Amino acid sequence: MEQKKAILTIDGKTIELPLIEGSEGERALDISKLRQETGLITFDPGYANTGSCKSEITFVDGENGILRYRGYPIEELAEHSSFIETAMLLIFGHLPSQTERAAFREMLSSQELLHEDLLHHFEGFPPYGQPMSILSAVINSFASYHPDLLDIQTEEEFRLAVAKIISKVRTISAFAYRKSLGRPFMYPDPNRSYCSNFLHMMFSVPYKEFEPTRAQIKALSLVLIVHADHEQNCSCSTVRMVGSSQANLFASIAAGICALWGRLHGGANAAVIEMLENISAGRMTVKDYLEKVKRREMRLMGFGHRVYKSFDPRAKILKKAAHKLLHDQDMTGDPLIEIAQELEAAALSDDFFIERKLYPNVDFYSGIILRTLGIPVNMFPVMFAIGRMPGWIAHWYEESRSGQKIHRPRQVYMGPPKRRYVPIEER
Ligand code: CMC
């Protein structure tokens with residue numbers, strides 16, 4: 001079949017730009033020879049129209065609200081899968097057999113402790129230390145504790161590095177929280193499932209074990225599954241960018257955590273709760289809030305998405321789950337859920353949001369679930385990071401095996417033209 005091309009004519013010269021097509025029919029103009037042939041670069045601030053790589057991991061169709069990991073719809077994974085199975089799917093490319101899953105669970109259990117020397121790192125942070133900064137710092141320090149995994153060559157080495165990160169991230173996160181309270185660290189319990197073990201490390205105290213309910217475990221697992229990957233977003237692109245310099249997996253993941261931290265990305269879930277609490281405390285009404293948003297004094301947090309222009313399927317899943325959890329915990333009267341629904345309904349019927357195709361995103365309801373689980377607001381981005389680990393790892397691996405060049409965008413320089421250095425006494 002003849003390859004389709006686009007024709008570009010510039011300064012009297014005509015060049016052909018090949019069209020490439022993805023497995024779901026997405027089309028892209030291949031401009032990799034553009035500068036070489038014309039001297040031009042493209043200008044795409046925020047990369048809204050730029051495909052930075054070919055990827056086989058996650059498919060998002062923002063117009064139709066579709067999200068699939070390795071081809072499996074997020075709705076099916078949310079209903080039938082566990083976080084660990086979903087993580088294996090993303091990282092290793094297929095749903096595991098029972099034997100594979102059991103073996104990987106065993107590896108996770110064997111990796112759940114932190115090196116005792118690493119515990120001193122927690123002492124170095126002040127009690128009010130930010131859990132995200134602790135998480136990124138400690139993950140980065142893995143490069144020092146596991147020098148044998150800096151240059152991953154074999155599948156076995158990769159599997160070991162994966163198990164270390166996926167398992168230890170919950171230990172670090174829970175320890176960061178305990179440190180902020182001045183409470184003793186609760187060591188992981190290998191007999192518990194992934195989510196139960198995390199909740200145990202967060203909330204057990206010596207001589208009083210915390211036993212989460214099935215509903216709590218299910219809700220946490222769901223939050224982690226829907227956050228597990230979302231193709232080339234800010235933090236994933238950061239991981240791939242850092243990884244493209246052949247930086248090690250731990251350093252690349254630590255960079256991803258930092259990128260996730262901002263309020264427009266993984267910090268949005270905490271901002272949603274702050275917004276709902278402000279309204280609940282009577283500092284603002286829903287109407288006042290929306291008016292401020294429309295005057296561009298603030299953003300409606302948990303709304304809008306670079307890719308989703310109809311609805312975010314993750315928000316639908318979490319909205320239902322939030323209701324179920326509140327019901328199971330006998331907390332249906334929680335004012336925040338009522339305000340969230342009022343805000344959502346008001347925004348969805350307001351022209352400002354309709355015209356801009358702004359819908360609730362994954363962060364709009366995730367905070368309500370996390371809050372109901374007793375997780376404090378400053379840990380919300382950390383929860384996002386725990387969920388996103390499999391995606392980051394899968395993308396780092398894909399990038400490192402792709403043979404792709406180091407990521408290095410160009411720019412359009414707008415600064416002063418060449419000028420002479422002025423000695424200090426003449427300025
Ligand atoms: N509240 C009010 N206006 C908004 C919002 C919002 N949440 N989101 C977008 N807009 C407006 C924006 O002002 C602009 O209007 P105009 O064209 O009149 O200037 C228009 O919609 C397009 O916005 P944009 O900033 O160009 O869109 P973007 O694709 O660059 O931004 C976003 C995407 C997620 C950063 C943005 O929607 C936002 O700031 N949302 C609130 C923060 C949030 O919830 N982030 C979590 C995203 S989902 C989880 C994740 O992946 O991190």
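Let me start at one residue. Leu300 touches Met275, Tyr289, Leu290, Val293, Leu343, Ala347 and Phe353, leaving out residues up to four places away in sequence. Touching, or contact, means heavy atoms within 4.5 Å.

Before going on, some ground rules. This is a predicted model, in which local features need pLDDT of at least 70 and side-chain atom pairs count only at pLDDT 80 or more, while totals for chains, interfaces and linings use all residues. Residues are numbered from 1 along each chain as its sequence is written, and side-chain values use heavy atoms, with hydrogens and water left out.

Back to Leu300. The largest nonpolar core has 114 residues, and Tyr194 and Leu300 touch the most other members. A nonpolar core here is a set of buried Ala, Val, Leu, Ile, Met, Phe, Trp, Tyr and Cys residues joined through side-chain atoms within 4.5 Å. Buried means under 20% relative accessible area, exposed means over 50%, and partly exposed is in between, using a 1.4 Å probe and protein chains only. Which helix gives the most to this core? Helix α7, residues 155-181, does, with 12 residues. Helices (H or I, at least four residues) and strands (E, at least two) are DSSP runs, numbered from the N terminus. As general background, nonpolar side chains in soluble globular proteins tend to be buried together.

Leu300 also takes us to the ligand. The ligand is surrounded by 20 residues, and the closest are His265, Arg296, Arg299, Leu300 and Arg306. In the side chain of Arg296, an N or O atom is 2.3 Å from an oxygen atom of the ligand. Arg356 has a polar side-chain atom 2.9 Å from an oxygen atom of the ligand. Phe303 uses its backbone: an N or O atom there lies 2.9 Å from a nitrogen atom of the ligand. How much of the ligand does the protein cover? On its own the ligand has 930 Å² of accessible area, and the protein covers 76% of that. These areas come from the Shrake-Rupley method with a 1.4 Å probe; for residues, only the protein chains shown count as cover.

Ile134 lies in helix α6, residues 131-145. Ile134 counts as buried because its relative accessible area is 0%. Beyond four places in sequence, Ile134 touches Phe122, Phe125, Gly129 and Ala176. Trp392 sits in helix α18, residues 380-401. Trp392 is likewise buried, with a relative accessible area of 0%. Setting aside neighbours within four places in sequence, Trp392 is in contact with Ser235, Cys236, Val239, Ile253, Gly256, Ile257, Leu260 and Ala385.

Now some loops. Asp334 lies in the loop between α14 (313-328) and α15 (335-348). Is Asp334 buried or exposed? At 7% relative accessibility, Asp334 counts as buried. The side chains of Asp334 and Arg371 are joined by a polar contact of 2.7 Å. Asp330 is found in the loop between α14 and α15 too, but Asp330 is exposed, with a relative accessible area of 70%. Asp330 is not a glycine, yet has a positive phi of about 60°. Tyr207, in the loop between α8 (194-203) and α9 (214-227), has a positive phi near 70°. Tyr207 is exposed, at 89% relative accessible area. For background, most residues other than glycine have a negative phi.

Last, the strands. Two strands pair if DSSP finds at least two bridges between them. Strands β1 (residues 5-10) and β2 (residues 13-21) pair in the antiparallel sense over six bridges. Lys5 stands opposite Pro18 in β2. The hairpin of β1 and β2 has two residues between the strands, and Asp11 there takes a positive phi near 50°. Further along, three strands form an open, antiparallel sheet in the order β4-β5-β6. Its edge strands are β4 (58-61) and β6 (72-73), each pairing on one side only. Four bridges join β4 to β5, residues 66-69, and Asp61 stands opposite Ile66 in β5.

Notes
Near = heavy atom within 4 Å. Polar contact = N/O pair within 3.5 Å; in protein donor to acceptor, adjacent residues only side chain to side chain.
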